[in-house]
Amino acid sequence: MMRSSGRIILIGPTESILTKRGNRFPDFANYLVTNKLEVLYYTSDFYHAEKRRFTRKEINKAKAECPYVLHVNFVIGYTKNISFRRLISNLVYSIKVFVNLLFYVRKTDKILIPSRPVELIYVVSLLRRLRGCEIYLDIQDIWPDALNIKSKIKSKAFIWYCNLFLRSSLKYYTNTIHVAPSFENWLRRYANSTPSTFIPLGWENERWAHLPEVDKVDQYRVRLVCVAQLTYQFDIMPLLEFIKDSPDIFLTVIGEDGSGERYKAVKDFIESNSIKNTAIIGVVPRKKVALYLANEDIGIVSMITTSIPNKVFDYIGARLPIIVLGRNDSAEFVKQHGIGWSCDFNSESFGALMRTINNDDLLQKKTNLENIRMKFSRNHLHAELLEIITK
């Protein structure tokens, strides 16, 4: 536990009790409260996932339900993830947080923030230099690497912009946590001596504690599921190219509401090839995802960037073996723990893998899942994170 009476301040601009996607910080805030620690949580009134502003009613309800103090700051909204308006929004929000905390934060306080936006990383480093508090970074995403900007001029400008903030701030952090092994390389690019520990996202104990039992009786040999919105980052075409000629395999996509950048191409391919053994389901409430995954056999990760996303831990929580397309952190993770397979990011490699998987393989992977599953529960990982912050 903490050696001082300091508070833990969490800053999550796009993640809070108000949001439906991504809840690592709100979950950790609840964990801290159960451990009798004083928590302050700063967030914004803009819903990044839906590109809308939270209503006053929603904000008041969230504040009333929170077991900790919740501060919701007004920010400038934006309609595109990659836009000048978003940069302005991030900058204004970061300045507001800095002003709010400059004469409020104490030397005994500890501040934890996510690794985006870069402006926030910089202003929090100023708080440590000016107020002497301890600051911690949860490396969940890596800018500028993670944003694929098509214009070369805009891309170079964005890289310069990010580097400007990161080079002058990351070296001041007390400690960092990275959710994927390769993310430590990003940290070392800007800070050689700042310590970092691998603590992945994990699965939520409350959501996955009691899984429904389902009798899987249908004509399909294997049921695949991919939890993802079909954005530029998630490409399921290699799966569809194989499945169109494999009627014994069924693919379900959960989380696409029709707005993903790849959605139209996927829909057109399914219709033009008359693929019947697939289904695209819209956004499913967080607490009901388990009901859908209970009927599946294998979870799919088809993300073109390197990371270990939330969906990997949804599959672990649901006790589903995992197939990862591509050579990345997720592929190394499932192979290291014996809970799945990986293949190249094309239909030939995926098809070759699918033809080798039998019931014995599935049973072995499920056994391995049971052996490591609790190690990646949120409660276990939160205890590791708390140890880093309070040691």
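Contact here means heavy atoms within 4.5 Å of each other, and helices (H or I, at least four residues) and strands (E, at least two) are DSSP runs numbered from the N terminus. On those terms, what covers the buried residues of helix 3 includes strand 1 (8–11), strand 2 (39–44), strand 5 (69–73), strand 6 (110–114), helix 4 (118–131) and helix 5 (152–166). The model is predicted, so local features need pLDDT of at least 70 and side-chain atom pairs count only at pLDDT 80 or more, while totals for chains, interfaces and linings use all residues. Residues are numbered from 1 along each chain as its sequence is written, and side-chain values use heavy atoms, with hydrogens and water left out.

- Helix 3 (residues 84–102) has 19 residues and should span 27 Å at 1.5 Å a residue, which agrees with the 27 Å between its end C-alpha atoms; the expected span is 1.5 Å times one less than the number of residues.
- Its buried residues (under 20% relative accessible area with a 1.4 Å probe, protein chains only; exposed is over 50% and partly exposed in between) are Arg86, Leu87, Ser89, Asn90, Tyr93, Ser94, Val97, Phe98, Leu101 and Leu102.
- Asn90 of helix 3 counts as buried because its relative accessible area is 10%, and, leaving aside neighbours within four places in sequence, Asn90 is in contact with Pro117, Glu119 and Trp143.

**Nonpolar cores**

- A nonpolar core is a set of buried Ala, Val, Leu, Ile, Met, Phe, Trp, Tyr and Cys residues joined through side-chain atoms within 4.5 Å; in the largest, which has 102 residues, Ile11 and Ile111 touch the most other members.
- Not counting residues up to four places away in sequence, Ile11 touches Phe25, Tyr42, Tyr93, Val97, Leu101, Ile111, Leu112, Ile113, Pro114, Leu120 and Val124.

**Packing of helix 1 against helix 15**

- Helix 1 (residues 24–34) and helix 15 (residues 378–390) pack at about 75° with their axes 10 Å apart, where axes are lines fitted to C-alpha atoms over the stretch in contact and angles run from 0 to 180 degrees between N-to-C directions.
- The two helices are therefore roughly perpendicular, a class that covers 65 to 115 degrees, against under 35 for roughly parallel, over 145 for roughly antiparallel and oblique for the rest.
- Helix 1 contributes Arg24, Asp27, Phe28, Tyr31 and Leu32 to the contact, and helix 15 contributes Arg378, Asn379, His382, Ala383, Leu385, Leu386 and Ile389.

**Backbone features and loop residues**

- Cis peptide bonds join Arg116 to Pro117, with omega about 0°, and Trp143 to Pro144, with omega about 10°; Pro117 is in the loop between strand 6 and helix 4, and Pro144 in the loop between strand 7 (134–139) and helix 5.
- Lys36, in the loop between helix 1 and strand 2, has a positive phi of about 65° although it is not a glycine, and at 76% relative accessibility Lys36 counts as exposed.
- Arg319, in the loop between helix 11 (310–317) and strand 14 (322–325), likewise has a positive phi, near 65°, but at 28% relative accessibility Arg319 counts as partly exposed.
- Pro67, in the loop between helix 2 (56–65) and strand 5, is partly exposed at 48% relative accessibility and, neighbours within four places in sequence aside, is in contact with Asn30 and Val33.
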